[in-house]
Every structure is written in structure tokens, then in C-alpha cells.
Amino acid sequence: MFMKKIILAGLLVCMSSVPMMAQMKWSQQYQQYFDQYKDYAIEQMRRYHIPASITLAQGVLESAAGKSELTVKGNNHFGIKCHGWTGRAVYHDDDERNECFRAYDNAYDSYEDHSKFLSTSNRYSSLFKLKLNDYKGWAYGLKACGYATNPRYAIQLIDIIQLYKLYEYDDRKSSKSKSSAYQMGEYRVYEFNKNYYVIAKAGDSYRKIGDIYDVSYKKLAKYNENDRNAVLEEGDFVWLQKKRRHAPKEYKKRPHVVKDGESMYTIAQRYGIRLKYLYKMNDLTPDYQIKVGDVLRIR
């Protein structure tokens, strides 16, 4: 019965997705969201067998590209309510007034809980019989299983995936070279740009992280072009080896568009690039003040 629904849904999307795509416009805010969280989605795909394209499309739609009230207040990227939840919560008007939604310490925890929410529920068990590259089947399956009440939810997901080519992340062979991660102690270690990094927690120091990975805290600070005694903020990138001169080659035609709150330093940290080379690639001097909307070469 479920597969019949999928087949019927496929016929519907053939008739309806073209006009919908014509209406949907490319958004820099959406693209920035995908650039920021694609590594999380790929990791979740490998661990839980959920297409990265589906995770990213749901995340950007449910969180309004990270700008929704739920996301800002509770790091909730997927609109998951409190059912059976014992952790921190935030309250928000949805189908009813003042409903309870799950809250997380960071975005990664939201992505992880989304995967567990789908993979451990009998409601969504039929989805895991689908192939990883069947994003249409997943989209219609999520709607059929009751993830969202919006009647166009599946079509919205499909349109987003197709417009931004998110299906490319569902190819495990090609995505493997882009990013990988493993757990070591209390941190996940991510591989990117032929280097390794961890995400700092509030109050972390180079000394603490250096002790875990047997790296001198002075060297660690030097790798990250920062003061050795700096107190790190939650979400800071900490590179475990010397950064490179530019981003990976796939970024040659994908410049970075500056968003609110970013600096040349935070952008260099995001891509694992030494700061002086980021300035050099863009013919900028260190006294240049970047602005929201500036387009920077990173390769």
C-alpha cells in the first residue's frame, strides 16, 4: 500500500514540480545554510541511512534557513516537538498555541536527534527500505507518514533538492572526499581540506584541546592564528594542523558570500585557510572591513 502511494506521488510530482520550480528562486541564504550544515547531513547519512539531501531540505525548510524562532532559541532545525522528550524545551505556537518543542545545545545535536527520531520510530520504518538516492520516495514517504501537515510538504522538499542539487550529497563515494568525522573523547574530529578540526565548546581553551590530542597548545594557537591564552566560544573551529592556502578544488566556482557576524578570520577558520592567503586571493589589505554581501574567493 505504501509503495502504491509512492508511485502515485511520483506521477503527481511529474505534473506539478515544473511550475513549482519556475516559481522558486535561488536564495543565497539557503545556499549558505547548505554550505554550513552539509557535513552534518553527510555524517548522519552514513550512520543512519537517511539521504543527506532529505536532511538538508528538511533542515532549511523547517528552520527557515536557520532563522526561525525555534532555531534561534533552541537550536531546533527540524521542528520536532517534545513527545517523550525529557531535555530542555522551548514553547512556540504551531498547530496549537504554546506547544512544546525540543531544544538542543547546538545544531549538531539537533541533526543527531532528527536521525534518531526517524530511525527509531515505527511510524517511519518503511522509509528505511528505500534506496539512499530515492529522495522523492523519502519526501513523499515523510508526508505520508505524518511528519508535516502541509499538503505540499513533499513537493517543497523535492523542489529544494532539485534546485540546489542536494542529491549530489547522496552519492556516498563523492561525498566521502568532502568530509568525514569520527569520535575521540568528548569531541568529534572532522576531516576537511586535507586537515582535521574540532568544534569548540563554550569556555574551551587551546591548552585543554591540545592535551586531548597531544598537541602543544602554543602550536595549536599558532595553527589557528590566535592568542595561545584565548578563551574559545561555542562553535569555534579549532584546526589540529597548519591550515592550507586555499579551500578544496570543488570551491573554485563556489565563492563565499559574507553574512552577518562574519569576519575574514572566521571565514578563514571555516574553510581551513591561512588568513593572509584569504586576503591575498581577494586582493585585499588587512585593514579592509568586509561587508555583508561581499563575495570572496576561497580557492
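Visitor: Let's start with one side chain: what is the relative accessible area of Phe-128?
Guide: Phe-128 has a relative accessible area of 23%, so it counts as partly exposed, a class that lies between buried (under 20%) and exposed (over 50%), using a 1.4 Å probe and protein chains only. This is a predicted model, in which local features need pLDDT of at least 70 and side-chain atom pairs count only at pLDDT 80 or more, while totals for chains, interfaces and linings use all residues. Residues are numbered from 1 along each chain as its sequence is written, and side-chain values use heavy atoms, with hydrogens and water left out.

Visitor: What is the mean pLDDT of the chain?
Guide: The mean pLDDT, which is the predictor's confidence in each residue from 0 to 100, is 85 for the chain, and 87% of the residues reach 70 or more. Over residues 1-22, however, the pLDDT is below 50, although this stretch has 22 contacts in the model beyond near neighbours in sequence, a contact being heavy atoms within 4.5 Å. Where pLDDT is low, the predicted coordinates should not be read in detail.

Visitor: Back to rings, then: how many aromatic pairs are there?
Guide: There are 23 aromatic pairs, where rings of Phe, Tyr and Trp (its six-membered ring) pair if their centres lie within 6.5 Å, and planes under 30 degrees apart are stacked, over 60 edge-to-face and the rest tilted. In one of them, Phe-128 and Trp-138 have ring centres 5.2 Å apart and planes at 80°, so this pair is edge-to-face. Phe-128 is in the loop between α5 and α6, and Trp-138, ten residues away, is in helix α6; helices (H or I, at least four residues) and strands (E, at least two) are DSSP runs, numbered from the N terminus.

Visitor: And Trp-138, buried or exposed?
Guide: Trp-138 is buried, with a relative accessible area of 0%.

Visitor: Which kind of pair do Phe-192 and Tyr-251 make?
Guide: Their centres are 6.1 Å apart and their planes at 80°, so Phe-192 and Tyr-251 are also edge-to-face. The pair links parts of the chain 59 residues apart, with Phe-192 in strand β4 and Tyr-251 in the loop between β6 and β7. Phe-192 counts as buried at 2%, and Tyr-251 is buried at 3%. Over the face of Tyr-251 lies Arg-254, at 4.5 Å from the ring centre; a charge sits over a ring if NZ of Lys or CZ of Arg is within 6 Å of the centre and within 35 degrees of the ring normal.

Visitor: Changing topic, how many residues of helix α3 are buried?
Guide: Nine of the eleven residues of α3 are buried, among them Ile-54, Leu-56 and Val-60. The buried residues of α3 pack against α2, α5, α6 and α7.

Visitor: Where is Asp-113, and what is it in contact with, its neighbours within four places in sequence aside?
Guide: Asp-113 is found in helix α5 and counts as buried at 11% relative accessibility. Leaving aside neighbours within four places in sequence, Asp-113 is in contact with Ile-80, Trp-85, Arg-102 and Tyr-104.
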